[in-house]
Amino acid sequence: MTPDVAMQFMVWSYFYHDILPEKNVSYSKCGKFSEEDVKRLDELKDMLFKCFEEESVNNACKQFQLAKVRQEPCPFPQATLDNMFASERRG
């Protein structure tokens, strides 16, 4: 996983969907995504933690949270990231 993809994944997860990527926690826990998407998201999350230390992921997500609180614009549009990773189930 490249640093760019890792950043996009963390922004998608935490900035847009309020889900902190956690090493041993499946995306199925949040109930927001289809079973098929959860499988792929968990694979991406596992790859994230193989490439980057847990502390680094948590620190990056804290920065994204601060940016959200400050209402700073995100360099990645949500629609673009949803197309890359997953969209929340409707209804």
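In this predicted model, Leu 48 is buried, with a relative accessible area of 0%. Leu 48 lies in helix 2. Not counting residues up to four places away in sequence, Leu 48 touches Met 1, Ala 6, Phe 9, Met 10, Pro 21 and Val 57. Val 5 is 43 residues from Leu 48 in sequence, yet the C-alpha atoms of the two residues are 9.1 Å apart in space.

Helix 2, which spans residues 35-51, also holds Asp 37. The relative accessible area of Asp 37 is 16%; because this value falls under 20%, Asp 37 is classed as buried. The contacts of Asp 37, again leaving aside residues up to four places away in sequence, are with Phe 85, Ala 86 and Ser 87.

Two packed helices are described by the angle between their axes and the distance between the axes. For helix 1 (residues 3-16) and helix 3 (residues 54-69), the packing angle is about 55° and the axes are 10 Å apart. Helix 1 is therefore oblique to helix 3. The crossing of helix 1 past helix 3 is right-handed.

On the helix 1 side, this contact is made by Met 7, Met 10, Val 11, Tyr 14 and Phe 15. These meet Val 57, Ala 60, Cys 61, Phe 64, Gln 65, Ala 67 and Lys 68 of helix 3. By class, the residues of the contact comprise 10 nonpolar, 1 polar and 1 charged. Met 10 of helix 1 and Val 57 of helix 3 belong to this contact, and both Met 10 and Val 57 are also among the residues touched by Leu 48.

Terms used:
Residues are numbered from 1 along each chain as its sequence is written. This is a predicted model: local features need pLDDT of at least 70, side-chain atom pairs count only at pLDDT 80 or more; totals for chains, interfaces and linings use all residues. Side-chain values use heavy atoms; hydrogens and water are left out. Axes are lines fitted to C-alpha atoms, for helices over the stretch in contact, and angles run from 0 to 180 degrees between N-to-C directions. Helices (H or I, at least four residues) and strands (E, at least two) are DSSP runs, numbered from the N terminus. Angles under 35 degrees count as roughly parallel, over 145 as roughly antiparallel, 65 to 115 as roughly perpendicular and the rest as oblique. A crossing is left-handed if the near helix is turned anticlockwise from the far one by less than a right angle, and right-handed if clockwise. Contact means heavy atoms within 4.5 Å. Ala, Val, Leu, Ile, Met, Phe, Trp, Tyr, Cys and Pro count as nonpolar, Asp, Glu, Lys and Arg as charged, and the others, Gly among them, as polar. Buried means under 20% relative accessible area, exposed over 50%, partly exposed in between (1.4 Å probe, protein chains only).
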